[in-house]
Amino acid sequence: MAATMRIQSDWNQVLRRNEGEAWLSCRSPGKSTLYGSLTCQGVGSDGIPEISASEGFFVNEITKKSILVSCPHENVSTKFLAPYTSFCRIHQKSIICIDISSGGGLGVSSSTDGTMKIWQAANGEIRRLLEGHVYDVNCCRFFPSGLVVLSGGMDAQLKIWSAEDASCVVTFKGHKGGILDTAIVDRGRNVISSSRDGTARLWDCGKSACLGVVADCGSPVNGIALGIADNTINLGSPENAPSEREIGTEGKILLLAREDKKLQGVGLQSRQPVFLFVGSDAFNCCTFLSSIYLLAGTQDGNIYQLDVRNTKAPVQIIHRSGAPVLCLLPYRDGFIASQGDGTCFIIQQDLDHVIDLTEADCDPVYKVATWEKQIYTCCRDEMVRRYQLSDL
């Protein structure tokens, strides 16, 4: 596994002061960690600081919000990116889920303060309070229209809300445990939920009815992801003819990240198992990179890349720290990952460096959402941070 570089979380503030100093480290498995520092030698008229690096590190490039540092000895370089802006007034406690509408104008988030809110993505100004769940709301997301929100709570209820007037238009009941994740099928006439009760269910929004149990795992399903399967993959055939209320389930594969260290693939329409992969620890999250490749993250910090056509051995395992992998998201030709130690990073195929989204200081970054070149994160420290990738 490649070396991992870290930087002091508030480097962007510290390095704007003359002689301000921020620590750096480079850790390579099996070797002692190399420590160093960056020092501000003054700030130019353009607002960009002049930075020098201690022995073993080099500053390759600096902008107002980013710094590219390399450690030639370990042949590694990382671009550290500071937030473009941060919102601290949306919630009063840990923010556990976040999503951004398809047009980029609105955000929705839920918190351990028991609230779920819709806000302006540009400035964090609160627009709507979505009230109706009992206890915490574990997951929330916009429908593709950007006008409707789907949420799942510890109260085992799944709800659909109008983003325009905050009314709850549908409530689904049937799970026996808290809902942990959701997915939307196509435009959203059907939705899927996964729960602590070990099941994933398919729902009909128009009739607010359960269309069936897609999988019953006997272990909590922490995360799910829906993808279009490559046509070489055998998804199996349904035992009974699908209901005419099932819209868009054909040719889709549902991933289930399970607490019992298993990652499962199931044909959404057939309800038949496609594969079962056993990992090193509980799986927390999963996502598709393409119709063939997928990613799944575990509680002990492993990110597995698998080929759906042959899941016997992973394509690769990425391990940057032992902290839980909490969120995985495809981005451009790579992906974004967040972990329980406050790290959030982007790996791109065409970049020879990792992009590190900084400022969360050892507080878990629970979820990440993107809109075009903007990346939003939510964290235990009650902050929503927005990063701007336009200069990368």
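Mentor: Start with residues 172-204: this span is 61% strand and 0% helix, and its end C-alpha atoms lie 9 Å apart. Helices (H or I, at least four residues) and strands (E, at least two) are DSSP runs, numbered from the N terminus. This is a predicted model, where local features need pLDDT of at least 70, side-chain atom pairs count only at pLDDT 80 or more, and totals for chains, interfaces and linings use all residues. Residues are numbered from 1 along each chain as its sequence is written, and side-chain values use heavy atoms, with hydrogens and water left out.

Trainee: Where does His 175 lie?
Mentor: In the loop between strand E16 (168-172) and strand E17 (179-185).

Trainee: Is His 175 buried or exposed?
Mentor: Buried means under 20% relative accessible area, exposed over 50%, and partly exposed in between (1.4 Å probe, protein chains only). His 175 has 7% relative accessibility, so it counts as buried.

Trainee: Which side chains make a polar contact with the side chain of His 175?
Mentor: A polar contact is a pair of N or O atoms within 3.5 Å; within protein, one must be able to donate a hydrogen and the other to accept it, and residues adjacent in sequence count only if both atoms are side-chain atoms. The His 175 side chain makes one with the side chain of Ser 193 at 2.7 Å, and another with that of Asp 197 at 3.0 Å.

Trainee: How many disulfides are there?
Mentor: With a disulfide taken as a pair of cysteine sulfur atoms within 2.5 Å, the count is zero. Cys 88 is in none, as the nearest cysteine sulfur, that of Cys 379, is 13 Å away.
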